[in-house]
Amino acid sequence: MLIIGIAGGTGSGKTTVVNKIVSSFPAGEVAVIPQDSYYKDSSHIPVEERSKINFDEPGAIEWTLLVKHLQQLKDGQPIEMPTYSYLTCTRQEETIKVEPRDVVIVEGILVLCESCVRDMMDVKCFVDADADDRLIRVIARDCIERGRTPQMVIDRYEEVLKPMHCQYIEPSKRFADLIIPQGGTNSVAIGLLTDYIDARLKRSKI
């Protein structure tokens, strides 16, 4: 099994990169584990306080469960991946069954920050993008998918996203084996990564 870590700032284009990699391989050959699925449950916190949760710091993630699930997949065992709702800021009762695959992609803004996860990765990537481009994507996404107003998104960017990016996410770039500038539009870098994955898989099957 090949474990690929793909990190980068919010709105950098990580999902686009992941989708392009997945589409380059036969259906079912690549499993994707989003970091967002492992946010700690906040159902015990009053509803009015949940909007103040900082999702952009390592302490928001249940890393021990993510590591446990990655190890189970490496051992050939399926996992029940949790699901998380941004609308209620709670972990849902529903889980998603993920079977072991030749390639597992762990994707999220903080996945290169924690050594316990980072050490399990065979390849570590950082998707880089200008701050202005990331903010535009975040405004579009949060207004449509998470029910926020543009002003709410801008306020959160200034108060949380930007400082957390500078404190945690940007410094994690130094752990990357490959940096992908311009996000999902960098077809050359994505092609190089896909070719590398393909070559590693072929060598492992010899």
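Helices, of at least four residues, and strands, of at least two, are taken here as DSSP runs numbered from the N terminus. In this predicted model, the chain holds seven helices and seven strands. Read from the N terminus, their order is β-α-β-α-α-β-β-β-α-β-α-α-β-α.

The overall dimensions come next. The C-alpha trace spans about 55 × 35 × 30 Å along its principal axes. A compact globule of 206 residues would have a radius of gyration near 17 Å, and the chain agrees with this because its own value is 17 Å. Of the contacts with a separation of 6 or more, 74% join residues 24 or more positions apart.

Turning to the interior, 48% of the 206 residues are buried. In soluble globular proteins, nonpolar side chains tend to be buried together. Here the largest nonpolar core has 33 residues, and Ile33, Tyr38, Leu66, Val104 and Val106 have the most contacts inside it. At least two residues of this core come from each of β1 (2–8), β2 (30–34), α3 (63–74), β3 (79–85) and β5 (103–107). The most is given by α3, with five residues. Apart from this core lies another, of 19 residues, which includes Ile4, Phe25, Val103 and Ile197.

Beyond its neighbours within four places in sequence, Val106 is in contact with Ile3, Ile4, Gly5, Ile6, Ile33, Leu66, Leu70, Val111 and Met121.

The chain carries 25 positive and 31 negative charges, whose mean positions lie 4 Å apart.

Definitions and conventions:
Residues numbered from 1 in each chain as written. Predicted model: local features only at pLDDT ≥ 70, side-chain atom pairs only at ≥ 80, totals over all residues. Heavy atoms only, no water. Core = buried A, V, L, I, M, F, W, Y, C linked by side-chain atoms within 4.5 Å. Buried < 20%, exposed > 50% of the residue type's maximum accessible area, 1.4 Å probe, protein only. Contact = heavy atoms within 4.5 Å. Rg over C-alpha atoms; globule rule 2.2 N^0.38 Å. Lys, Arg positive; Asp, Glu negative; His and termini not counted. Charge placed at Lys NZ, Arg CZ, Asp CG, Glu CD.
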